[in-house]
Amino acid sequence: MQEFWFYIELGLQHVLDINAYDHILFLAALALPFTFKSWKNVLLLATVFTFTHCLALVFSVYEILVIEATWIEFLIPVTIVSTALFNLVDSNDKLEDSTIWFHVLATGFFGLIHGFGFSNYFKMMIMGAEDKLAPLLGFAGGIEISQVIIVLLVLVLAYVVQTILKVKQSIFILVGSILIILITLPLLYETFPFKTVKF
């Protein structure tokens, strides 16, 4: 049980580490269009993301499907920019209801990518261990708890800005998405797999 809690803490620290901000940016971009009023949609997306995220961890740890780390590192900022760009294209007050199924599909696919991203780190931590299931469940649990914390923080920020400060939801989504894109662009460049290729 002590080992299980160790891996929960490891998962929490890995996501909430400010130096590894890519996962935080993705979750922020994903949560931007939503408010506490649409808690059912948020719960649906969180469930889909958790399921596909854990599925990718299982696939990678048990070597059912292995994807090269270079591509995963590049695809993670791609998912962030894609989510933020979609927010910009469809930034209106009805976004969270009219496009929820697009969000579900995108969240599922992006959850797989982020899961594979965490799996590379996790496999290094349990290298040589005979029991993989308990550490896997603990690590996944820590990651999911941290994801809930991040989404809740974004929803609280949305409430403060939109309800208390009276900023329109579309403006909040627009400004937030642009900031996320600007922060992510250097990461996109740094991980671009073909930047060293000479033509």
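User: What covers the buried residues of H2?

Analyst: In this predicted model, the cover over the buried residues of H2 includes H1, H3, H4, H6, H7 and H8.

User: How do you know that H2 is mostly covered?

Analyst: Of the 10 residues in H2, 8 are buried. These are His-23, Leu-25, Phe-26, Leu-27, Ala-28, Ala-29, Leu-30 and Ala-31.

User: Why is Leu-25 called buried?

Analyst: The relative accessibility of Leu-25 is 10%, and the label requires a value under 20%; Leu-25 is therefore buried. Leu-25 belongs to helix H2. Neighbours within four places in sequence aside, Leu-25 is in contact with Ile-80, Ile-180, Ile-183 and Thr-184. The C-alpha atoms of Leu-25 and Leu-179 are 9.8 Å apart, although 154 residues separate the two along the chain.

User: Ile-183 is one of those contacts. Why does Ile-183 count as partly exposed?

Analyst: Ile-183, in helix H8, has a relative accessibility of 42%. Buried would require under 20% and exposed over 50%, so Ile-183 falls in between and counts as partly exposed.

User: Why is Ser-60 called buried, and what makes its pairing with Ser-119 a polar contact?

Analyst: Ser-60, in helix H3 (residues 39-61), has a relative accessible area of 2%. The limit is under 20%, so Ser-60 is buried. As for the pairing, the side chains of Ser-60 and Ser-119 meet at 2.9 Å, against a cut-off of 3.5 Å. Beyond four places in sequence, Ser-60 is in contact with Leu-65, Val-66, Phe-116, Ser-119 and Lys-123.

User: Which residues have the most contacts inside the largest nonpolar core, and which helix gives the most to this core?

Analyst: The largest nonpolar core has 45 residues, and Phe-26, Phe-122, Phe-139 and Ile-180 have the most contacts inside it. Helices H1, H2, H3, H4, H6, H7 and H8 each supply at least two residues of this core. H7 gives the most, with 10 residues. Phe-26 itself touches Phe-49, Thr-79, Ile-80, Thr-83, Phe-110 and His-114, residues up to four places away in sequence not being counted.

How values were computed:
Residues are numbered from 1 along each chain as its sequence is written. This is a predicted model: local features need pLDDT of at least 70, side-chain atom pairs count only at pLDDT 80 or more; totals for chains, interfaces and linings use all residues. Side-chain values use heavy atoms; hydrogens and water are left out. Helices (H or I, at least four residues) and strands (E, at least two) are DSSP runs, numbered from the N terminus. Buried means under 20% relative accessible area, exposed over 50%, partly exposed in between (1.4 Å probe, protein chains only). A polar contact is a pair of N or O atoms within 3.5 Å; within protein, one must be able to donate a hydrogen and the other to accept it, and residues adjacent in sequence count only if both atoms are side-chain atoms. Contact means heavy atoms within 4.5 Å. A nonpolar core is a set of buried Ala, Val, Leu, Ile, Met, Phe, Trp, Tyr and Cys residues joined through side-chain atoms within 4.5 Å.
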